[in-house]
Amino acid sequence: MAKKTAATEQSLTKKVWNLATILSSQGVGFTDYITQLTYLLFLKMDNEMLRFSERNRLFQTVIAGMI
């Protein structure tokens with residue numbers, strides 16, 4: 001599990017730095033692209049929480065139907 005987490009963290013770090021490099025090369029200032037990256041990460045987390053919530057609701061519905 002620790003290896004998977006480390007790989008996921010490294011993958012996320014690489015993606016964020018790639019986006020930062022792209023934004024920086026397009027002339028976007030540091031504080032602006034940090035704000036943009038923070039917003040993108042927030043949206044990603046919100047999307048994952050929504051998907052988890054829907055999956056959890058579906059699981060509970062299936063379990064309730066079995067009881």
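Is Y33 buried or exposed? Y33 is buried, with a relative accessible area of 11%. The cut-off for buried is under 20%, so Y33 falls in that class. Keep in mind that this is a predicted model.

**Overall form**

The protein chain has 2 helices and 0 strands. Its radius of gyration is 18 Å, whereas a compact globule of 67 residues would have one near 11 Å. Along the principal axes, the C-alpha atoms fill a box of roughly 60 × 25 × 15 Å. Buried residues make up 4% of the 67 residues. The accessible surface comes to about 6200 Å². Carbon and sulfur atoms account for 65% of that surface.

The protein chain carries 8 positive and 5 negative charges.

**The aromatic pair**

A search of the whole structure finds 1 aromatic pair. F30 and Y33 form this pair, with ring centres 5.6 Å apart. Their planes stand at 80°, so the pair is edge-to-face. The cut-off for that label is over 60 degrees. Both residues belong to helix α2, which covers residues 30-66. They are 3 residues apart, so about one helical turn separates them.

The two partners differ in cover. F30 is exposed, at 54% relative accessible area. Y33 is buried, at 11%.

**The salt bridge**

Side chains of opposite charge can pair when their charged atoms come close. The count here comes to 1 salt bridge. E48 and K44 make the contact, and their closest N and O atoms are 3.3 Å apart. The cut-off is within 4 Å, so this contact qualifies. Both residues lie in helix α2, 4 residues apart, or about one turn of the helix. E48 is partly exposed, at 39% relative accessibility. K44 is partly exposed as well, with a relative accessible area of 44%.

**Along helix α2**

Q60 also lies in helix α2. With 47% relative accessibility, Q60 counts as partly exposed. In sequence, Q60 and F30 are 30 residues apart. In space, their C-alpha atoms are 45 Å apart.

The table collects the accessibility values for the residues discussed.

| Residue | Relative accessible area | Class |
|---|---|---|
| F30 | 54% | exposed |
| Y33 | 11% | buried |
| K44 | 44% | partly exposed |
| E48 | 39% | partly exposed |
| Q60 | 47% | partly exposed |

**In brief**

Across the protein chain, 4% of the residues are buried, and Y33 is one of the buried residues.

Definitions and conventions. Residues numbered from 1 in each chain as written. Predicted model: local features only at pLDDT ≥ 70, side-chain atom pairs only at ≥ 80, totals over all residues. Heavy atoms only, no water. Phe/Tyr/Trp six-rings, centres within 6.5 Å; stacked < 30°, edge-to-face > 60°. Buried < 20%, exposed > 50% of the residue type's maximum accessible area, 1.4 Å probe, protein only. Rg over C-alpha atoms; globule rule 2.2 N^0.38 Å. Areas by Shrake-Rupley, 256 points an atom, 1.4 Å probe, with all protein chains shown as cover. Lys, Arg positive; Asp, Glu negative; His and termini not counted. Charge placed at Lys NZ, Arg CZ, Asp CG, Glu CD. Salt bridge = Lys/Arg side-chain N within 4 Å of Asp/Glu carboxyl O.
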